[in-house]
Amino acid sequence: MRTCKNCKEKFKPQYNSVQLVCSFECSIELTNINKSKKAKKEWNKEKKEIKERLKTREEYFQETLVAFN
């Protein structure tokens, strides 16, 4: 018996031995959740790059102080 990654219920794999979810509905929900996590991760990476480009002189100065001290 395996546990569904989406609804956390016990199920017996019907299609193959590495089946992660109990039904097609759970599979669709899990896929949507994974897509939203991936989109959030990409946005955080993009946001970090934007912040880096918009740094002021004072922020660069503070970083160098931390590095030298």
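Biologist: Let's start with Lys-55: what is its relative accessible area?

Modeller: In this predicted model, Lys-55 counts as partly exposed. The buried class stops under 20% and the exposed class starts over 50%, so Lys-55 falls in between, with a relative accessible area of 22%.

Biologist: Okay, and which residues are linked with Lys-55 in a network of salt bridges?

Modeller: Take the pairs one by one. Lys-55 forms a salt bridge with Glu-52, where the closest N and O atoms sit 3.2 Å apart. Lys-55 also pairs with Glu-63, and there the closest N and O atoms are 2.0 Å apart. Both distances are within the 4 Å cut-off, and the partners of Lys-55 in the network are Glu-52 and Glu-63.

Biologist: How many salt bridges does the count come to?

Modeller: The rule asks for a Lys or Arg side-chain nitrogen within 4 Å of an Asp or Glu carboxyl oxygen. Lys-55 meets that with Glu-52 and with Glu-63. By this rule, the count is two.

Biologist: What are the relative accessible areas of those two partners, Glu-52 and Glu-63?

Modeller: Glu-52 is partly exposed, at 40%. Glu-63 is partly exposed too, and its relative accessible area is 38%.

Biologist: Switching topic, which residues gather in a patch of positive charge on the surface?

Modeller: Lys-8 is one of them, and its place is the loop between strand E1 (2–3) and strand E2 (10–11). A patch residue needs over 30% relative accessible area, and Lys-8 is exposed at 58%. The members of the patch are Arg-2, Lys-5, Lys-8 and Lys-37.

Biologist: And how far apart are the C-alpha atoms of Glu-49 and Lys-38?

Modeller: Glu-49 lies in helix H1 and is partly exposed, with a relative accessible area of 44%. Along the chain, Glu-49 and Lys-38 are 11 residues apart. Their C-alpha atoms are separated by 17 Å.

Methods
Residues numbered from 1 in each chain as written. Predicted model: local features only at pLDDT ≥ 70, side-chain atom pairs only at ≥ 80, totals over all residues. Heavy atoms only, no water. Patch = residues over 30% accessible without salt bridge, like charges linked within 9 Å, V, L, I, M, F, W, Y side chains within 5 Å. Areas by Shrake-Rupley, 256 points an atom, 1.4 Å probe, with all protein chains shown as cover. Lys, Arg positive; Asp, Glu negative; His and termini not counted. Charge placed at Lys NZ, Arg CZ, Asp CG, Glu CD. Helix = DSSP H or I, 4+ residues; strand = E, 2+ residues; numbered from the N terminus. Buried < 20%, exposed > 50% of the residue type's maximum accessible area, 1.4 Å probe, protein only.
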